Amino acid sequence: MRYIEPHAHMVSRVTDDYVHLATAGCQAVCEPAFWAGFDRSSPAGFFDYFRQLTEHEPKRAAKYGLAHFCWLCLNPKESEDVKLAEEVLALIPPFLARPGVLGIGEIGLNKNSRNELKVLERHVDLAARHDQLILVHTPHLEDKLKGTRLTLDVLRADARIRPERVIIDHVEEHTVKLVLDRGHWAGLTLYPVSKCTPARAIDILDVCGPERLWMNSACDWGESLPLAVPHTALEMRRRGWTPEQIDQVIFQNPLQFLRQCPKFKLAS
Amino acid sequence: MTREQILDLYFLEARGKLIELAAFLDRVDRAPGRDDFRLTALRDALRLLGGNQPDRAKNVLTAFSDPTAEPIPAATTKSACGAWPGAAAGGG
């Protein structure tokens with residue numbers, strides 16, 4: 001089995017997790033910029049984080065034969081402070097040329113506030129000005145449906161944004177069609193309690209079809225399972241999916257989206 | 001997969017989750033204090049499981065969701081609690 005982990009916060013994980021990913025058939029891991037679990041106190045904290053994502057983490061992954069890519073942004077959990085957000089956004093352009101940077105992400109909304117929306121619009125503008133792919137985080141639990149609608153409106157309002165170059169992550173049964181109907185890609189996040197279980201993710205694939213959908217673990221410093229994608233592949237096999245159908249969802253689909261960025265290349 | 005195959009694969013898991021939910025509601029009943037909007041939302045959502053309507057998962061998720069359309073003035077917390085507290089609580 002081969003697969004791509006398109007969303008994992010490896011800076012929060014131990015090295016053993018790289019061993020497990022590589023052993024399970026992972027070919028590449030992609031890491032969106034994320035909240036540290038506490039608010040960073042200055043733009044300098046973000047500068048160091050972007051260096052960690054673009055310099056240190058790829059070396060850590062390479063020790064286990066894994067390609068490491070990343071996305072850059074200020075996470076929506078920290079975008080209530082618009083002044084800080086503007087200073088952090090100004091740091092990003094020089095990093096965009098670095099070899100493993102795929103685009104702007106994971107941007108989006110958290111509590112659906114006015115400032116979060118303002119900062120989301122600025123991230124979308126940054127991506128459009130630099131012709132970058134976009135990875136969108138959608139809010140948690142009761143905030144997801146409204147946040148997804150607000151995000152879709154922001155993306156539609158910017159004529160420079162091509163829907164097929166945007167993946168909207170953490171969709172569930174009540175948001176997946178909203179996203180696909182706008183022409184975007186959608187990500188199914190496999191979490192033990194919140195978001196999707198493997199069984200529900202496969203239900204969504206059964207109902208919506210496998211086109212423009214990927215699955216990810218979104219493993220971070222919280223309760224999450226780095227091997228959620230291969231575990232779900234096993235569940236797909238139990239549900240009668242063929243190896244070719246599984247490969248389509250866990251390898252070919254993320255490859256199709258990610259290689260819209262010319263820097264996304266796998267070892268042959 | 002046939003209906004029988006789905007039942008073979010998932011019935012025991014679903015049965016277990018239902019009993020966990022029943023035990024949770026018993027636990028809440030035994031505890032002193034008052035209900036809040038989360039329990040009300042859970043009881044409302046449970047009603048959606050009773051009939052033969054399709055899209056139960058979508059409907060349950062929607063029932064827990066903030067139904068408003070306008071952004072809130074400011075985020076005063078980072079976390080979500082799983083149910084919409086209502087406009088009066090500043091949730092939307």
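Chain B has 3 helices and 0 strands, where helices (H or I, at least four residues) and strands (E, at least two) are DSSP runs numbered from the N terminus. Along the sequence, the pattern of chain B reads α-α-α. The radius of gyration of chain B, taken over C-alpha atoms, is 17 Å, well over the 12 Å given for 92 residues by the globule rule, so chain B is more spread out than a compact globule. That rule is 2.2 Å times the number of residues to the power 0.38. This is a predicted model, in which local features need pLDDT of at least 70 and side-chain atom pairs count only at pLDDT 80 or more, while totals for chains, interfaces and linings use all residues. Residues are numbered from 1 along each chain as its sequence is written, and chains are lettered from A and ligands numbered from 1 in the order in which they are written.

The C-alpha trace of chain B spans about 50 × 35 × 25 Å along its principal axes. Of its 92 residues, 13% count as buried, that is, with 20 or more other C-beta atoms within 10 Å of their own, the C-beta atoms being placed from the backbone. Among the contacts in chain B with a separation of 6 or more, 31% are due to residues 24 or more positions apart; a contact requires C-beta atoms, placed from the backbone, within 7 Å.

Chain A comprises 10 helices and 8 strands. Of the 268 residues of chain A, 51% count as buried, and residues 24 or more positions apart account for 73% of its contacts with a separation of 6 or more.

Within chain A, 8 of the 8 residues of strand β4 (residues 101-108) are buried, so β4(A) is largely enclosed by the rest of the structure. Strand β3 (residues 67-72) of chain A runs parallel to β4(A) and is joined to it by 3 bridges, pairing being assigned if DSSP finds at least two bridges between two strands. In this pair, A:Leu72 stands opposite A:Ile104.

Between the chains, 27 residues of chain A are in contact with 23 residues of chain B. The elements of chain A giving two or more residues to this side are α5, α6 (144-157) and α8 (198-208).

Definitions and conventions: Buried ≥ 20, exposed ≤ 12 C-beta atoms within 10 Å, placed from the backbone. Contact = placed C-beta atoms within 7 Å.
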